[in-house]
Amino acid sequence: MKLYFVGFEQANVGDILPVLEALRAHPRLEPVFVPGTDFKPHRGLLTARPPAGIDAQRLESALDSVQVADAERRARRLCGEARRWTASEPAARSVHQRLLAAQLDRYVRRPEMASLFRAYTVIERAADAWARRERPRVVVLSEDSDYLRGRLLARVFAAHGVHIVCLTPWYYSTFRSYPLVGARQAHAYLVGTPAHARRLLASGVARRCVHVVGHPGFDALAAQASPTPPPGHFLYALQGLPWEREIASDLQAAVGEHAGARLTIKPHPQLPLPTWLVGLSRRTGLRTAPARQPAIELVRDTHCVVAQTSRLLFEASLLGRRVIVPHYDATPLRLEVPDRDAPAAVAHSPAELGERVRAVLRGRGRALSGAAIAPYHPHATQRAVQVLEELALTAGSSRAAPTSRTVRRPRVQSESPPGSAGNGRTERPSRKATAAHPRTD
Amino acid sequence: MSGRRTPPRRVLLLGTLPQRRHRATPVSDPSIRLISISRRVAGQLDAAGVPHTPSQVYFHADAWTGLHNAVSQTVEALAHHRNDTPPAAWLDDWSHLLGAELCDAFYWTRVAEQVLCRERPSQVLLQRVRASDPTFAALAALRSAFEVLGSACADWRPARS
């Protein structure tokens, strides 16, 4: 039975690669990778590269030139409609609705919108044609919320009666700031952490549909374990986020108070070196690691990793290093830091950062709890494959309802007249079908 | 009890600590209530002995859940407010992306609402910072929030003493 992994973006392929490789040797399941597309302002649209040795298909292979042109016409019409719709929105009833309408209006006028609408309609049309051609019983998505990937694909595949499973990459499990807007659409969720499971349950997903499997992408760390150096060396990982200049300066001041302690800055491998870092290094003698030096090498010589939201915090914790999470914003913490670790790990001010540094140097720092951040480590791959096997082999035997109340979703629209390519039918979303979300404030 | 009402004060929302020589202005002016909008600047003001009110006094959230729910409900209400299609389907498909952009805006709107409700300021001042400042986005969100709430804002920059 083919198990299609559809719509994973490039940044998340590494998280599912162990699962794909394990399934290659599976007696009953055959993995097929169907890449996803993501957009970043600094580089535009990017379609993921299929991993070597894994069968791959492209959604767009199911489209002919007439269908692509049709999708492009729909994109132009949709873009124009969206602009007229947002611009003409009458004074809404609430402050929040006015904010949303203003945000929408700004959004649809961004210069990249034309290409994003095109990508959206082509993927929509391609997913529909691909589902008709391949007739998958089960597809595995990364999530059911993204406009170019999970949510769009879940809507299209659900209209074909496909059983939808989400295998959640680290990012979606770990950021509590990641909003789950609207009704959930998958039949089952494989998530990395108990905290993510709780968020899904709170959003209305049935307990039987949520499976904690850990993070397969972390399993290989077990082979890279090394003794933790004695307290003294701090590593601050840059991510191109606000506050980094201030955090680096505060850290340098805190570490500099202790003889024998030292701080190394790890630049982000894909971002230019910040100009403020050059000045700070010159003034304080701050050491900067080479941009391309692998993070695992740096962590080997480090006792404590400092970062705002980097995956390195989690990897370092699983390798036995201490961590500090500076959070200077007034808004809630974006990262899922286990409750028991937060008091010792999170620093909200320069003074608290200094306290965390002193605690680490006295041997009282803390790693993030392994059971909370990576259950089943280092056997998450095995766990994920086991659950996928159970779900895949039972999926075709029953037409289980999606996790939330069934929603009648609009089918894929076509610009062509009825009788030509595409189904051309449109269904209006049911007004009462969307599951209400419990108020928590 | 004289019955005299305290005249409404101006409020100044501060994201970054002004240099020492510029701090005297808001501190010495009793008509200004200083509100710190980042935890870092709150810590620095405390260390410097400058009276201020953290923004969390007006609105505090430990988690994003309530804000996410507010975004969900708003998107739903807006989608059902209009009868057009396909925008409703498009809005649902794009709802997470919009939600991710809106959560911070909704947070600062709650702060702005409470500042206006509790302080009834005669004027709202927002610190003017460079785009590279880490509080630039928060201050911009506050400006939008106050405008949507019908309260004009003025920029504040420290005056050289």
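Predicted model: local features only at pLDDT ≥ 70, side-chain atom pairs only at ≥ 80, totals over all residues.
Local features need pLDDT of at least 70 and side-chain atom pairs pLDDT 80 or more, while totals for chains, interfaces and linings use all residues. Residues are numbered from 1 along each chain as written, chains are lettered from A in the order written, and side-chain values use heavy atoms, without hydrogens and water.

**Aromatic pairs**

- Over all chains there are 17 aromatic pairs, meaning Phe, Tyr or Trp (six-membered ring) rings with centres within 6.5 Å; planes under 30 degrees apart are stacked, over 60 edge-to-face and the rest tilted.
- A:Tyr120 and B:Trp94 are edge-to-face because their ring centres lie 5.6 Å apart and their planes stand at 75°.
- This pair joins two chains, since A:Tyr120 lies in helix α4 of chain A and B:Trp94 in the loop between α4 and α5 of chain B; helices (H or I, at least four residues) and strands (E, at least two) are DSSP runs numbered from the N terminus.
- Both A:Tyr120 and B:Trp94 are buried (under 20% relative accessible area, 1.4 Å probe, protein chains only).
- A:Trp243 and A:Tyr328 also pair edge-to-face, at 5.6 Å and 85°, and are 85 residues apart in the chain.

**Helix contact**

- Helix α3 of chain A (residues 95–108) and α5(B) pack at about 140°, with axes 10 Å apart; axes are lines fitted to C-alpha atoms over the stretch in contact, and angles run from 0 to 180 degrees between N-to-C directions.
- Residues of α3(A) including A:Leu99 and A:Tyr107 meet residues of α5(B), among them B:Leu102 and B:Phe106, where contact means heavy atoms within 4.5 Å.

Conventions. Buried < 20%, exposed > 50% of the residue type's maximum accessible area, 1.4 Å probe, protein only.
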